[in-house]
Amino acid sequence: MGTATRRMTVAQAVVEFLSKQYTADSINGMEYRERLIPGTFGIFGHGNVAGVGQALKQYQAADPAIMPYYQGRNEQAQVHQAVGYARHTRRRQTFAISTSIGPGSSNMLTGAALATTNRLPVLLLPSDTFATRAADPVLQQLELPYAYDITVNDAFRPLSRFFDRVSRPEQVFSALHHGLRVLTDPADTGAVTISLPQDVQAEAFDVPEEFLAEREWRIRRPEAEDDDIRRAAEAIRAAKRPLIIAGGGVLYAFANDELAKFAELTGIPVGNTQAGVGVLPWDHKFSLGAIGSTGTTAANAIAAEADLIIGIGTRYEDFTTASRTAFQNPDVKFVNINVAPIDAYKHGTTLPIVADARKALVKLNQALGGYRVGVDLEEKVAAEKKRWNGIVDEAFETRYTPLPAQNEIIGATNKAMDDQDVVICAAGSLPGDLHKMWRVRDPFGYHVEYAYSCMGYEIPGGLGVKRAALAEAAAGGVERDVVVMVGDGSYLMMHTELVTAVAERIKLIVILIQNHGYASIGSLSESLGSQRFGTQYRVLDKEQHSFDAGENLPIDLATNAESLGARVIRIEPGENVIEALGAAIKEAKAAPETGPIVIHVESDPLLDAPGSESWWDVPVSQVSDLESTKQAYKTYTDHKNRQRKLLG
């Protein structure tokens, strides 16, 4: 007897297949099962309107719960929403995104790069030109004389962890199975791109019922090899000044409690990366806070003398290592615990542990029974924490008028939010300042996209997190407000998803900080001798063709947000800015779920955050007619001489 089949289009098969996929996970004996793809985003045009669009409409008419459809205003922003959702669900869930051909598809390229760089899953379904070439060339088709089979969607290949093009209906079976294999693999996850030619989407074929049956994708959590644990334990016991660097892998492995146990049993202090904020509460005895170029002076002081670095779930980007100047002990060695081999082997370590972070920590805790660092290290950790906390207290409490420092705004926002609330950010000066100063208590309370640091991520990414938080609360979890902190530069890049929040009446609290330019790059430019060139929003001086010295642009971003349908609270410059900001955040938190609330406040871009006593390698011109550049190059070479290869 043959296998039962159903006659349906490729797009219908894709939508129904995705509606039946589940992630399964086991943490400390608790079993979890959740829909892998809880919904699909789409902006429709030729390519997907009669394919995936028709399929979504057909299933919506049958039962809206089969595959809920969500609108967006920009394809890149839709990917950002999926990434935010995936991060908050700890990579157990994400969204699919359908686009039209040509610019609709290529608009997702930045989102794909962001997802893959952050190791976060998204399923991209860009439409493509005719597989049959019945109409050739079609509108928006890329034609290359040397390779006629290349389309704009081939640009996704280097940006995706998996790429396939379904040129025949039967290929959809293997494309989706392999795509979801990668999507749910913690070592390989990122953007999964399955290109769907517009004629193939609408083509009918016989689909086996078994393809449309429910399927579970179990999250792989590999055990650590006993020999690797033994060797790592020996290295830790031999160390005098060990230091843990905890990254996002600790959070994705739900290893927070095991990490706390590890630190408390051994006395080894913990510094965290941007993705690792929340691995320990900020005031935990052994938490040093942020490490590296945007780190605390406490973490960086301990790192400078460390003889053993225990990296857990970190990919060691240059901010984490202060461009390889953070670790100055000549005998420093690395033990790297990571589910991804590419990260476990970094810095030439001879002690990689390719394993799930929580499972590796369980074994290390058993192997290190009775071991504890010396009292001198614990005393130094306490002293450095006290010094840094005093610096942050002063930064939060110092008042500038009529425009406040960004430090004050961060402090007021931190104070007004509840422990379980989530702060969102991505680019500009805010991520570095938040990394070093934000006082987090909840492991889900901090979401700064910094692997790609994409301007414009903040509002759509925050909306994705809010969607996940609402689902979490509906399932009986805690209720969380989501607060986006964004500068005017990033806001102008992509504020479109405020309209999405308005349409769905989702309360997203946005702290919009206007400083009339790019504060982060302005400060960097100044430090590199380039005098904040091109980083300020000013009227053009036509004689000098300069934007550096004219009047501020007459931009009213508060009115702009209002025009998109958001409720806006304006904080006027003056002596009571910080008090008014705190009150506005509390007012927004108390408001019902009826749409986004934007709180507009101005800041002084020239008032910097406390320094990290660290460095970031951005090359300076070796020769210049500018005296500022000459001085910057001298400073650069001084730091460059401290840079190390860190092999060992």
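Predicted model: local features only at pLDDT ≥ 70, side-chain atom pairs only at ≥ 80, totals over all residues.
Residues are numbered from 1 along each chain as its sequence is written, and side-chain values rest on heavy atoms, with hydrogens and water left out.

We can begin with the helices. Helix 15 (residues 406-416) packs against helix 22 (residues 577-590) at an angle of about 35°, and their axes are 9 Å apart. Here, helices (H or I, at least four residues) and strands (E, at least two) are DSSP runs numbered from the N terminus; axes are lines fitted to C-alpha atoms, for helices over the stretch in contact, with angles from 0 to 180 degrees between N-to-C directions. The crossing of the two helices is right-handed, that is, the near helix is turned clockwise from the far one by less than a right angle. Helix 15 contributes E408, I409, A412, T413 and A416 to the contact (heavy atoms within 4.5 Å), and helix 22 contributes I578, L581, G582, I585, K586 and K589. By class, six of these residues are nonpolar, two polar and three charged, where Ala, Val, Leu, Ile, Met, Phe, Trp, Tyr, Cys and Pro count as nonpolar, Asp, Glu, Lys and Arg as charged, and the others, Gly among them, as polar.

Next come the aromatic rings. The structure holds 14 aromatic pairs, meaning rings of Phe, Tyr and Trp (its six-membered ring) with centres within 6.5 Å; planes under 30 degrees apart are stacked, over 60 edge-to-face and the rest tilted. The F41 and F95 pair is tilted, because the ring centres are 5.0 Å apart and the planes stand at 55°. F41 lies in strand 4 (residues 40-42) and F95 in the loop between helix 3 (75-88) and strand 6 (96-99), 54 residues apart. Both F41 and F95 are buried (under 20% relative accessible area; exposed is over 50%, partly exposed in between, with a 1.4 Å probe and protein chains only).

F319 and Y450 form an edge-to-face pair, 5.2 Å centre to centre with 85° between the planes. These two residues are 131 apart in the chain. F319 is buried at 10% relative accessible area, and Y450 is buried at 14%. Ring pairs also link F17, F173, F205 and F211 into a cluster.

Finally, R33 lies over the face of Y22, 3.9 Å from the ring centre, and the charged end of R90 sits over the ring of F444, 3.9 Å from its centre. The criterion is NZ of Lys or CZ of Arg within 6 Å of the ring centre and within 35 degrees of the ring normal.
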